[in-house]
Amino acid sequence: MAHARYEAEWLLGRLVESAPLEIYLQDTPVPGQVVERFLSQIDARACGIPLQYLIGEADFFGQPFTVMPGVFIPRPETEALVERVLEPLRALQRRRGRPLRLLDVGTGSGCIAVTLAQELAACVVVGVELSWKALQCARRNAKRQGLTSRLQWVQGRWLSAVRGTFDAIVANPPYIPSGQVARLPMDVRQEPRASLDGGADGLDPYKVLVG
């Protein structure tokens with residue numbers, strides 16, 4: 001129940017342009033059209049539409065990232081990946097004495113690529129993504145964080161879409177075995193299957209990346 005209340009506060013807060021907890025401090029009635037939209041979003045959430053799709057963004061590494069239906073939603077586990085690679089990449093940049101050129105494969109919303117560009121001074125990150133909608137979302141996030149000049153986007157499948165050399169490759173590919181996708185929570189199944197389904201054993205993308 002507490003989780004449902006939290007989500008309802010977020011939805012209404014976005015609609016009235018207020019922080020979630022500040023909605024209780026407002027002393028003016030909520031307009032009827034806002035109430036109707038709020039109730040419509042509550043119905044959509046009850047049907048399994050992810051909260052992040054309804055509010056249009058997700059928090060990642062302390063920053064808001066635009067997300068939309070058809071784009072994989074950033075997760076705390078992906079934050080852990082970024083945290084794990086940042087120090088080794090900083091050390092590599094110091095050793096080489098120049099900005100790094102990095103590759104983010106399967107960039108989705110661009111959360112990894114944009115965060116790496118934020119955290120690593122002057123580095124350039126190339127994000128590869130098959131979905132055109134996701135690439136547009138990634139471009140929007142790069143612009144939102146003021147990093148357009150240090151991010152490049154390529155549409156294509158995995159490593160076949162790029163040429164040249166990179167100092168490091170970072171990726172968070174799908175890893176759910178195909179047979180388990182249908183058993184995922186209802187809201188997770190609303191996200192693009194290509195971002196979830198890792199093939200029969202969940203390892204198909206890894207075989208491509210390391211093969």
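This is a predicted model: local features need pLDDT of at least 70, side-chain atom pairs count only at pLDDT 80 or more; totals for chains, interfaces and linings use all residues.
Residues are numbered from 1 along each chain as its sequence is written, and side-chain values use heavy atoms, with hydrogens and water left out.

The pairing belongs to a set of five bridges that join strand E4, residues 124–129, to E5, the two running parallel; strands count as paired if DSSP finds at least two bridges between them. Both strands sit in an open sheet of four, with parallel pairing and the order E5-E4-E3-E6. Because E5 (151–155) and E6 (168–171) stand at the edges with a single partner strand each, one side of each is left without a neighbour in the sheet. From one strand to the next, the twist averages 20°.

Across this sheet lies helix H5, over E3 (101–105), E4, E5 and E6, and running at about 160° to E5; axes are lines fitted to C-alpha atoms, for helices over the stretch in contact (heavy atoms within 4.5 Å), and angles run from 0 to 180 degrees between N-to-C directions. How enclosed is helix H5 by the rest of the structure? Largely so, since seven of its nine residues, 111–119, are buried, which is to say under 20% relative accessible area, with exposed meaning over 50%, partly exposed in between, and a 1.4 Å probe applied to protein chains only. The buried residues are Cys111, Ile112, Ala113, Val114, Thr115, Leu116 and Ala117.

Together with Val30 and Val35, Leu39 makes a nonpolar surface patch of about 210 Å².

Finally, the whole protein has eight helices and six strands, and its C-alpha trace spans about 60 × 40 × 30 Å along the principal axes. Of its 211 residues, 45% are buried, and among contacts with a separation of 6 or more, 60% come from residues 24 or more positions apart.

Key:
Patches are made of residues with over 30% relative accessible area and no salt bridge: like charges are joined within 9 Å, nonpolar side chains (Val, Leu, Ile, Met, Phe, Trp, Tyr) within 5 Å. Accessible areas come from the Shrake-Rupley method with a 1.4 Å probe; for residues, only the protein chains shown count as cover. A salt bridge is a side-chain nitrogen of Lys or Arg within 4 Å of a carboxyl oxygen of Asp or Glu.
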